[in-house]
Structures are given as C-alpha cells and as structure tokens.
Amino acid sequence: MEKKKTVPFKGTPEQEAELLKVISDLKDQKGALMPIMQKAQDIYGYLPQEVQQIISENTGVPMAKIFGVATFYSQFTLFPKGEHKISVCLGTACYVKGSGQIYDKIQEILDIAGGECTPDGKFSLDACRCVGACGLAPVMMIDEEVYGRLNVDEVADILEKY
C-alpha cells in the first residue's frame, strides 16, 4: 500500500486548549467519543495522529479504537483538505466520458494521489460518485465551482486560475 504524502501537522496551542476543554466537558458522558472526534475535526479540519493521541491520552480510549472510528465513518478525514478542494466525478456518466483520465491528469499535475493535499496546502483532491450534473459530463468541482464537458487538455489551465 502506497503511503499518502502528508502535510506537516500545524496545530496551535489555542486549538489544543479548545480540544482539551471539549474533552473535559464531554469525556464523562456515555458515547462521548464521537462528539469529541467531531469537535476535534471542527477545530483542526481533520484528525491527524497527533490529535487522535491528545484524545486518547485525555479520555483513556485506546488509539486503536479512535483510529478505527476515524477510518470507519466517512465524515472523518485523516488528511488535511487544501485551500481549494478539487472533486472529480467518477460516476457512470462522467466516467464513460473520460473523467478517469481527468482525475489521473490532476494527480500528475499536482503530484498527489486522491485523498491527498499538496505540500503547500493549496489543493486537495478527491473523487466522488455524482454531483448531479450528468448532462455536463465529465465534471469536476473546485470548491463550489462546477466545470463541465471537460477534456484533459483543459485541466492545467483551469488549475492555473487558482
């Protein structure tokens, strides 16, 4: 399995203090792990190992359980999202019209794999299954902007705008 490229963790003392307050407020409640993890992701934007470790040390919940929850539920992410979030539709209509090649081209240009963030934190890339714009296939979104009827040759110019 290829290791994902990661952006160095940049948590602040203020973020940690906020997380510790959340943990203190919730840890004695039944079923507190999920709300703590949700708040932690709200604070940091994702759940890196360092944040999971803070949760583990302050709740007594083993790291393995925290990691299991973080990887089981799709609402959690272990990797940071970029300033600009790129999502390429790989649903049937888009895929048969070439979205797979578009996804591959973005990975090549940005030198990241799906689910990763560029080292400068500018872009993150994910695949999705449908954005509800099948008539514009193939489609990608950058932030909230939809780009439809794409071809591979347009990708670099679109990314340059950002």
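Is Phe72 exposed or buried? At 65% relative accessibility, Phe72 counts as exposed, where exposed denotes over 50% relative accessible area, buried under 20% and partly exposed the range in between (1.4 Å probe, protein chains only). The model is a predicted one, in which local features need pLDDT of at least 70 and side-chain atom pairs count only at pLDDT 80 or more, while totals for chains, interfaces and linings use all residues. Residues are numbered from 1 along each chain as its sequence is written, and side-chain values use heavy atoms, with hydrogens and water left out.

The secondary structure of the protein consists of seven helices and four strands; both are DSSP runs numbered from the N terminus, helices (H or I) having at least four residues and strands (E) at least two. Read from the N terminus, the order of the elements is α-α-α-α-β-α-α-β-β-β-α. Along the principal axes, the C-alpha atoms fill a box of roughly 55 × 30 × 30 Å. The protein has 162 residues, of which 42% count as buried.

Two aromatic pairs are present in the structure. Rings of Phe, Tyr and Trp (its six-membered ring) pair if their centres lie within 6.5 Å; planes under 30 degrees apart count as stacked, over 60 as edge-to-face and the rest as tilted. A tilted pair is formed by Phe9 and Tyr44, with 5.7 Å from centre to centre and 35° between the planes. This pair links distant parts of the chain, since Phe9 belongs to the segment before helix H1 (13–26) and Tyr44 to helix H2 (residues 33–44), 35 residues apart. Phe9 is partly exposed at 28% relative accessibility, whereas Tyr44 is buried at 10%. Phe72 and Tyr73 form an edge-to-face pair, with 4.9 Å between the centres and 85° between the planes. Tyr73 is partly exposed, its relative accessible area being 36%.

Three salt bridges are found in the whole structure, a salt bridge being a side-chain nitrogen of Lys or Arg within 4 Å of a carboxyl oxygen of Asp or Glu. In one of them, the side chains of Asp25 and Lys21 meet at 2.9 Å, N to O. Both residues lie in helix H1, four residues apart, or about one turn of the helix. Asp25 is partly exposed, at 45% relative accessibility. Another salt bridge joins Lys81 and Asp126 (2.8 Å, N to O). Lys81 lies in the loop between helix H4 (63–72) and strand E1 (84–89) and Asp126 in strand E2 (residues 123–128), so this pair ties together parts that are 45 residues apart in sequence. Lys81 is partly exposed at 32%, as is Asp126 at 25%. The side chains of Lys105 and Glu108 also form a salt bridge (3.5 Å, N to O). These residues are three residues apart in helix H6 (residues 99–110), a separation of about one helical turn. Lys105 is partly exposed at 24%, but Glu108 is exposed at 57%.

On the surface, Asp153, Glu154, Asp157 and Glu160 gather in a patch of negative charge. Patches are made of residues with over 30% relative accessible area and no salt bridge, like charges being joined within 9 Å and nonpolar side chains (Val, Leu, Ile, Met, Phe, Trp, Tyr) within 5 Å. Asp153 is exposed, with 67% relative accessibility.

Key. Accessible areas come from the Shrake-Rupley method with a 1.4 Å probe; for residues, only the protein chains shown count as cover. Lys and Arg count as positive and Asp and Glu as negative; His and the chain ends are not counted. The place of a charge is taken as NZ of Lys, CZ of Arg, CG of Asp or CD of Glu.
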